[in-house]
Amino acid sequence: MTTRVVVVTGAARGLGATIAAKFHAAGYRVALADLALDAAREVAASLSPDGSTAFAVPLDVTSKVDFECALQTVAARWGQVHALINNAGASKVVPVMEITGEQFDQVINVNLKSALFGCQVFGQYFADRGEGRIVNIASLAGQNGGSATGAHYAAAKGGTLTLTKVFARDLAAKGVTVNAISPGPLDLPIVHESVPADKLDKVIAGIPVGRLGNAEYVADVAILLASGQAYFANGACWDVNGGLYMR
Ligand SMILES: NC(=O)c1ccc[n+]([C@@H]2O[C@H](COP(=O)([O-])OP(=O)(O)OC[C@H]3O[C@@H](n4cnc5c(N)ncnc54)[C@H](O)[C@@H]3O)[C@@H](O)[C@H]2O)c1
């Protein structure tokens with residue numbers, strides 16, 4: 001059986017590093033793509049010290065050329081790619097009335113244009129091969145407007161959910177599926193770094209299940225959606241939010 005190959009963006013830390021590790025444990029070869037190349041290299045080396053089953057690739061997700069280069073690098077090394085996890089994202093909280101045009105563009109570029117470029121570059125490659133899986137990491141903020149993340153971030157993640165449907169429809173007949181996962185607040189470093197402890201207690205108290213989400217479980221959902229058998233899951237948004245948002 002062919003060993004499946006996945007590219008995970010933003011894999012140097014947080015959810016991306018967890019997704020990379022879980023795919024690796026599931027038997028995938030994993031390319032860890034990130035701006036923070038040294039940190040991505042460290043995570044890759046912890047998974048595969050000799051680089052045979054995991055390695056780091058430089059990628060700024062705001063650049064289409066970078067996506068093209070990353071795809072070429074991984075395909076040259078392992079012959080093929082089966083799945084892309086568009087995970088990289090970033091935000092800085094700014095009150096909505098104070099967001100500047102520059103800040104808006106920057107957050108849209110990292111969180112939304114990245115999904116456009118990833119789906120365009122890998123989507124075309126997968127369509128030419130007749131198979132492929134793309135999973136976009138969106139956010140609860142993109143569904144309910146968010147609370148602690150900023151309007152530009154929420155708008156970008158809402159856009160990611162819409163792009164997921166557009167690409168899913170466009171690529172379906174070519175054997176390519178595109179889905180999104182929409183997590184609520186996860187028990188990850190960025191949440192503890194950006195939300196003061198007393199405020200975090202209130203956030204947790206407001207989550208129906210009474211706990212932050214588990215990144216490993218989100219990674220398991222990504223693995224499920226990336227499987228070769230997952231052809232009938234397409235254009236969906238998989239909510240993992242502890243009951244904060246139900247529909
Ligand atoms: N942490 C949560 O609770 C949560 C909830 C919902 C959605 N998400 C989403 O999950 C994803 C990962 O979040 P996280 O908590 O791990 O964040 P994080 O900030 O801990 O990690 C983000 C990673 O993306 C990388 N990155 C940032 N800008 C990049 C760029 N331009 N090009 C390439 N890489 C870049 C960073 O270097 C870092 O490794 C994001 O899309 C985020 O919006 C997170």
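Axes are lines fitted to C-alpha atoms, for helices over the stretch in contact, and angles run from 0 to 180 degrees between N-to-C directions. Helices (H or I, at least four residues) are DSSP runs numbered from the N terminus. The model is predicted: local features need pLDDT of at least 70 and side-chain atom pairs pLDDT 80 or more, while totals for chains, interfaces and linings use all residues. Residues are numbered from 1 along each chain as its sequence is written, and side-chain values use heavy atoms, with hydrogens and water left out.

**Exercise 1.** Describe the packing of helix H1 against helix H9.

Solution. Step 1: H1 (residues 14-25) and H9 (residues 215-226) have axes 9 Å apart, at an angle of about 55°. Step 2: H1 is therefore oblique to H9, given that angles under 35 degrees count as roughly parallel, over 145 as roughly antiparallel, 65 to 115 as roughly perpendicular and the rest as oblique. Step 3: the crossing of H1 past H9 is right-handed, the near helix being turned clockwise from the far one by less than a right angle. Step 4: in contact (heavy atoms within 4.5 Å) are Leu15, Thr18, Ile19, Lys22 and Phe23 of H1, with residues of H9 including Ala215, Val218 and Ile223. Step 5: by class, this contact has nine nonpolar, one polar and three charged residues; Ala, Val, Leu, Ile, Met, Phe, Trp, Tyr, Cys and Pro count as nonpolar, Asp, Glu, Lys and Arg as charged, and the others, Gly among them, as polar.

**Exercise 2.** Characterise the packing of H4 with H3 and with H6.

Solution. Step 1: H3 (residues 64-78) and H4 pack at about 40°, their axes 9 Å apart, and H3 is therefore oblique to H4. Step 2: this crossing is right-handed. Step 3: the residues of H3 that meet H4 are Lys64, Phe67, Glu68, Leu71 and Ala75, and the contact comprises seven nonpolar, three polar and two charged residues. Step 4: the axes of H4 (residues 101-129) and H6 (residues 151-171) come within 9 Å and cross at roughly 15°, so H4 is roughly parallel to H6. Step 5: H4 passes H6 in a right-handed crossing, and the residues in contact divide into 13 nonpolar, seven polar and one charged.

Methods. Helices (H or I, at least four residues) and strands (E, at least two) are DSSP runs, numbered from the N terminus.
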